[in-house]
Amino acid sequence: MLIAKIDGKFGGTITFIGEENGIGRLRFFFVEPFTRGKGVGRLVFTTAMSMAKEMGYKKVITYILASENGASLKASNFICEGEAGGTHWTGKRNRGQGIN
């Protein structure tokens, strides 16, 4: 888990979870409203990606809701490979609609 602090205040977080076959997953990404538009999201994403690469992961996947614009993902050069479905966070995912 990475935590970003801005002037000593909690600014955002992201969690990296290692999975099988050299694949990692980014989860639980959040930035505080006062940090938005200041590159904090891009910073935590690029830091997490650097750490994943150093640990030998070949691919990192994540997901967002259709209602989210994915600005931090796009700024970090993530590519949408498919849609998993869903309209709200439930903690569950339809594994039949996987992202390759």
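The pLDDT is the predictor's confidence in each residue, on a scale from 0 to 100, and the structure described here is a predicted model. The mean pLDDT of the protein is 78, with 82% of the residues reaching 70 or more. Among the elements of the protein, strand β2, which covers residues 9-18, has the highest mean pLDDT, at 90, whereas helix α2, formed by residues 71-75, has the lowest, at 73. Over residues 94-100 the pLDDT stays under 50, and for this stretch the model has eleven contacts beyond four places in sequence.

The largest nonpolar core is made up of twelve residues, namely Leu2, Ala4, Ile14, Leu26, Val31, Val40, Val44, Phe45, Ala48, Ala52, Val60 and Leu73. At least two residues of this core are supplied by each of strand β1 (2-6), strand β3 (23-31) and helix α1 (40-54), and the largest share, five residues, comes from α1. One of the core residues, Val31, is in contact with Gly11, Gly12, Arg36, Val40 and Gly41 when its neighbours within four places in sequence are left aside.

A search of the whole structure finds two aromatic pairs. In one of them, the ring centres of Phe16 and Tyr57 lie 5.0 Å apart and the ring planes stand at 75 degrees, so the pair is edge-to-face. This pair links distant parts of the chain, 41 residues apart, with Phe16 placed in strand β2 and Tyr57 in the loop between α1 and β4 (59-61). Tyr57 has a relative accessible area of 23% and is therefore partly exposed.

The aromatic pair of Phe29 and Phe45 is tilted, with 4.5 Å from centre to centre and 40 degrees between the planes. Because Phe29 lies in strand β3 and Phe45 in helix α1, this pair ties together parts that are 16 residues apart in sequence. Phe29 is partly exposed, with a relative accessible area of 32%, whereas Phe45, a member of the nonpolar core, is buried, with a relative accessible area of 3%. A further aromatic residue, Phe34, has Lys9 lying over the face of its ring, at 5.9 Å from the ring centre.

Strand β3 also holds Arg25, which is buried, with a relative accessible area of 8%. The side chain of Arg25 makes a polar contact, at 2.7 Å, with the side chain of Glu19.

As regards backbone geometry, Asn21 has a positive phi of about 60 degrees although it is not a glycine. Asn21 is placed in the loop between β2 and β3, and its relative accessible area of 73% makes it an exposed residue. Phe28, likewise not a glycine, has a positive phi of about 55 degrees, but the place of Phe28 is in strand β3. With a relative accessibility of 55%, Phe28 counts as exposed, because the cut-off for that class is over 50%.

Technical notes. Residues numbered from 1 in each chain as written. Predicted model: local features only at pLDDT ≥ 70, side-chain atom pairs only at ≥ 80, totals over all residues. Heavy atoms only, no water. Core = buried A, V, L, I, M, F, W, Y, C linked by side-chain atoms within 4.5 Å. Buried < 20%, exposed > 50% of the residue type's maximum accessible area, 1.4 Å probe, protein only. Helix = DSSP H or I, 4+ residues; strand = E, 2+ residues; numbered from the N terminus. Contact = heavy atoms within 4.5 Å. Polar contact = N/O pair within 3.5 Å; in protein donor to acceptor, adjacent residues only side chain to side chain. Phe/Tyr/Trp six-rings, centres within 6.5 Å; stacked < 30°, edge-to-face > 60°. Lys NZ or Arg CZ within 6 Å of the ring centre and 35° of its normal.
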